Amino acid sequence: MEIELELANKDSPTLQGDAFTLILNEKNGNRFIPVIIGIAEAKYIIMEYNKIQVKRPLPYDLIMQLLEQNDAEIVKIRVRDVQDGIYFVSVYYRCDEKMWELDARLSDALVLSLKTQIPVVIPAEIFERVCYAETGKSKQRELPAAVRDFWNKSEENDDAEVDFFEVGDGKVPLDLKKATAEQLQELLQEALEKENYELAADIDAELNSRKHE
């Protein structure tokens, strides 16, 4: 028996120092797995979930191009083992009527899962060994705490309370809801250039929410 996993906080992984905690929920269940990944890995998950586009293809875009150009498709993503907190994942794809298997990190597999809508599954016996009993909850991230130091860090404001982003020669309110659409677009571009994908995801979400108002 295999259990399908769902990302409970794919839009806003929990920041802990230099790492992120992802919560993988049991679909239609009340158990979950917390997974620690690096910032570099988390940013791709945030970008894919929020459909943030960049000028040039990212590694996962390249993988999808290779599959498409060879008439191949991913058909299954499966956690095959967990040892000492390390997840061993197999990505199965079909090409020329043959099934092929790729070894993958869990974070990479999760990005491919978001791109293809193919769920990540795990054998029940492995899941029961590493899971927790209550459903993981996605905590709302407080944007100032997550990005203030990254963005406006300087000797002059180390001890000051900053309530804005410095963008070019201007300033954008730290509370994104108070910023204009033009300010958000400018801030989004600079966030992408600085590779602050956590902030970029928040800006993109704010822009999308205004489209539906």
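The following dialogue goes through several features of a predicted model.

User: Which residues touch the most other members of the largest nonpolar core?

Analyst: That core has 60 residues, and Ile-33, Ile-77, Tyr-87 and Ile-203 touch the most other members. Helix α3, residues 106–116, gives the most to this core, with 6 residues. Beyond its neighbours within four places in sequence, Ile-33 is in contact with residues including Leu-5, Tyr-87, Ile-122 and Phe-127. Leu-5 also belongs to the covered face of β1.

User: Is helix α3 mostly covered or uncovered?

Analyst: A general idea comes first: an α-helix has 3.6 residues a turn, so residues three or four places apart point the same way. Helix α3 is mostly covered, with 9 of its 11 residues buried. Among the buried residues are Leu-106, Ala-109, Leu-110 and Val-111. Ser-107, Asp-108 and Ser-113 are buried as well.

User: What is the phi of the residue that follows α3?

Analyst: In general, most residues other than glycine have a negative phi. Helix α3 is followed by Gln-117, whose phi is positive, near 65 degrees. Gln-117 lies in the loop between α3 and β8. At 62% relative accessibility, Gln-117 counts as exposed, because the cut-off for that word is over 50%. Asp-96 is another residue that is not a glycine but has a positive phi, about 55 degrees. Asp-96 is placed in the loop between β6 (86–95) and β7 (98–104). With a relative accessibility of 65%, Asp-96 also counts as exposed.

User: How many salt bridges does the structure hold, and which parts of the chain does the pair of Glu-2 and Arg-78 link?

Analyst: The structure holds 12 salt bridges. In one of them, the side chains of Glu-2 and Arg-78 meet at 2.7 Å, N to O. This pair links distant parts of the chain: Glu-2 is in strand β1 and Arg-78 in strand β5 (residues 73–83), 76 residues apart. Glu-2 is partly exposed, with a relative accessible area of 34%, and Arg-78 is partly exposed at 23%.

User: What is the distance between the closest N and O atoms of Glu-73 and Arg-94?

Analyst: The closest N and O atoms of this salt bridge are 3.2 Å apart. Glu-73 lies in strand β5 and Arg-94 in strand β6, so the pair ties together parts that are 21 residues apart in sequence. Glu-73 is partly exposed, with a relative accessible area of 44%, and Arg-94 is partly exposed at 35%. Finally, salt bridges that share partners join Glu-2, Lys-76 and Arg-78 into one network.

Note on methods: Residues are numbered from 1 along each chain as its sequence is written. This is a predicted model: local features need pLDDT of at least 70, side-chain atom pairs count only at pLDDT 80 or more; totals for chains, interfaces and linings use all residues. Side-chain values use heavy atoms; hydrogens and water are left out. Buried means under 20% relative accessible area, exposed over 50%, partly exposed in between (1.4 Å probe, protein chains only). Helices (H or I, at least four residues) and strands (E, at least two) are DSSP runs, numbered from the N terminus. A nonpolar core is a set of buried Ala, Val, Leu, Ile, Met, Phe, Trp, Tyr and Cys residues joined through side-chain atoms within 4.5 Å. Contact means heavy atoms within 4.5 Å. A salt bridge is a side-chain nitrogen of Lys or Arg within 4 Å of a carboxyl oxygen of Asp or Glu.
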